[in-house]
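This briefing is intended for a reader who has the sequence and the coordinates at hand. Please consult the display below alongside the points that come after it.

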Amino acid sequence: MRAKAKNEMKLVIPSNSANESFARTAVAAFMAQLDPTIEEMTDIKTAVSEAVTNCIVHAYRDTIGNIWIEAKIYDDGRMCVSVRDKGCGIPDVAKAREPLFTTGDSERAGLGFAVMESFTDKLRVRSAVGKGTTVTMEKRIAQRYRHDG
C-alpha cells in the first residue's frame, strides 16, 4: 500500500521557456516546509528545471502544450515531484537516459536525465510515443530536527 501524502500541490503551465524558472521556484517554495538545506533545495530546483526544459525543448518542439507538475510530501521526509507532458513521447527511454544522447540541436548537451538522476534519490521515466512522458523524481530531505518518542 502506498503512503498517503501529508501535503501536495499541482500546477499546470504552458511550455513557454519563461515558465521554467517559475516551475522551479514554485516547487522550491512548496518544499520549504520540509526545512531543506540550501544544497537539497538547489538539487530539487535543478532537477525540476531539467524535467521542465525537456518538455519545452523535446516534448513540444515547435508548439506550445501543457506541462503538469505535481509535488507531494510524505511523513518520512520524502518529496516526490512528477513532471508530465502530452508531447511526442520518447521512443527509447533507456537510450534517452544515456549521458550525451539528445534529440535536440548541437547546443543540447544530452545530460538532462543524468542531471535529474544525480540530484535525486530515485528517478522514473514513463513514456509512450505520441502520448507523452512522465518523469517522477523522489528525494528524501534530511530532517535535522527529528523528535523521537
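The points below proceed from the overall fold to individual elements and residues.

The model is a predicted one. Its protein chain contains four helices and five strands, arranged from the N terminus in the order β-α-α-β-β-α-α-β-β. Of the 149 residues in the protein chain, 44% are buried. Among contacts between residues at least 6 apart in sequence, 63% connect residues at least 24 apart.

**Helix α1**

- The buried residues in α1 are Asn19, Glu20, Ala23, Ala26, Val27, Ala28, Phe30 and Met31.
- The cover over these buried residues of α1 includes the strands β1 (7-14), β2 (66-73) and β3 (78-85), together with helix α2 (38-59).

**Nonpolar core**

- The largest nonpolar core has 37 residues, and the members that touch the most others are Ile67, Ile69, Met79, Val81, Val83 and Met137.
- Helix α2 makes the greatest contribution to this core, with nine residues.

- The covered face of β2 presents Ile67, Ile69, Ala71 and Ile73, whereas its uncovered face presents Asn66, Trp68, Glu70 and Lys72.
- Strands β1 and β2 run antiparallel and are joined by eight bridges; in this pairing, Pro14 stands opposite Asn66 in β2.
- Strands β2 and β3 are also antiparallel, paired over seven bridges, and Glu70 stands opposite Ser82 in β3.
- A hairpin is formed by β2 and β3, with four residues between the two strands.
- Within the turn of that hairpin, Gly77 has a positive phi of about 90°.

**Thr120**

- Thr120 is located in the loop between α4 (112-119) and β4 (122-128).
- Thr120 counts as buried because its relative accessibility is 8%, under the 20% limit.
- The backbone oxygen of Met116 is reached by the side chain of Thr120 at 2.7 Å.
- Apart from residues up to four places away in sequence, Thr120 touches Ala47, Met137, Glu138 and Lys139.

**Lys86**

- Lys86 occupies the loop between β3 and α3 (93-96).
- With a relative accessible area of 52%, Lys86 is classed as exposed, because the value is over 50%.
- Lys86 and Ala128 are separated by 42 residues in sequence, while their C-alpha atoms are 9.3 Å apart in space.
- When neighbours within four places in sequence are set aside, Lys86 is in contact with Tyr60, Asn66, Trp68, Lys131 and Gly132.

**Cysteines**

- The structure holds zero disulfides.
- Cys88 counts as partly exposed, because its relative accessibility of 28% falls between the limits of 20% and 50%.

Technical notes
Residues are numbered from 1 along each chain as its sequence is written. This is a predicted model: local features need pLDDT of at least 70, side-chain atom pairs count only at pLDDT 80 or more; totals for chains, interfaces and linings use all residues. Side-chain values use heavy atoms; hydrogens and water are left out. Buried means under 20% relative accessible area, exposed over 50%, partly exposed in between (1.4 Å probe, protein chains only). Contact means heavy atoms within 4.5 Å. A nonpolar core is a set of buried Ala, Val, Leu, Ile, Met, Phe, Trp, Tyr and Cys residues joined through side-chain atoms within 4.5 Å. Two strands pair if DSSP finds at least two bridges between them. A polar contact is a pair of N or O atoms within 3.5 Å; within protein, one must be able to donate a hydrogen and the other to accept it, and residues adjacent in sequence count only if both atoms are side-chain atoms. A disulfide is a pair of cysteine sulfur atoms within 2.5 Å.
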